[in-house]
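Student: I would like to learn how to read this one. Where should I start?

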Amino acid sequence: MSMLTGYADFESILIKTAEQEGWEFRDGDEAVGADAVFNYQTYGPALLRVAELELADRGITVSGFPYQDRGDVTTVEDLGLVYTSCHDALMGVEVSFIEESASEKTLAYKRMIYRLALSIAVLKSLPRIDGSIDLSLLSAIAFDDVPRPENA
C-alpha cells in the first residue's frame, strides 16, 4: 500500500478537492486549470512557499529540522520541501518533497497533512475575481526576490 506522501499524491488530492469544491482559478485575466495550480513547476512552489511562511510567522514547527540553503537548491526541512532553480518553471523554481523512509512514515504523514491543510487555507485566503481564486499574488508573496520569467 502506498504511503500517499509523494508530490503526485499531493497534486492529485488537491486537484480532486478543487473539483469537489467547484474552485476556479485565474492569474489576472487568464483562467488557470487546477492541474496547473498544483503542478510542481507552475503555482505549486509558490503555494507551498506561502504555506511555509505562514508556519514561520506563527512559530509553528512540524519536524524541528532547520532551513538549509545550498546554492541553487533550497531545502526547508520542516515541511520536507526542496526548491530547485528551473529555467522552464513558471516562477523560475520547481518544488519536490523529501522522501522519508518507511521508518519515518509518521513524519511523512504529518508533513503531508500540513502541506494539504495549509495549501487549502492559502487558496481560501486569496482574493477572488468574478468568483475565481486569483493566483496573481502568490509569486509576489512567495518569491519576492525571484522574478517571474517573461513570456516570449
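Tutor: Start with a single residue. This is a predicted model. Setting aside neighbours within four places in sequence, Leu-135 contacts Phe-25, Arg-26, Asp-27, Val-32, Val-37, Tyr-43, Leu-123 and Leu-126.

Student: Which residues of the largest nonpolar core touch the most other members?

Tutor: Leu-135 is among them, along with Phe-10, Phe-25, Phe-38, Leu-48, Leu-123 and Leu-138. The core has 36 residues. At least two residues come from each of α1 (7-21), α2 (34-37), α3 (44-58), β5 (81-85), β6 (93-97), α4 (105-125) and α5 (136-142). The top contributor is α3, with six residues.

Student: How do I read a sheet, and what is the strand order in the open sheet of four strands?

Tutor: Strands of a sheet pair through backbone hydrogen bonds, in parallel or antiparallel fashion. Here the order is β2-β1-β8-β7, and the pairing is mixed. Strands β2 (30-32) and β7 (128-129) are the edges, each pairing on one side only.

Student: How many bridges join β1 to β2?

Tutor: Three. Strand β1 covers residues 25-27 and runs antiparallel to β2. In β2, Glu-30 stands opposite Asp-27.

Student: What average pLDDT does the protein chain have?

Tutor: The average is 82, and 81% of the residues score at least 70.

How values were computed
Residues numbered from 1 in each chain as written. Predicted model: local features only at pLDDT ≥ 70, side-chain atom pairs only at ≥ 80, totals over all residues. Heavy atoms only, no water. pLDDT = per-residue confidence, 0-100. Pairing = 2+ DSSP bridges. Core = buried A, V, L, I, M, F, W, Y, C linked by side-chain atoms within 4.5 Å. Buried < 20%, exposed > 50% of the residue type's maximum accessible area, 1.4 Å probe, protein only. Contact = heavy atoms within 4.5 Å.
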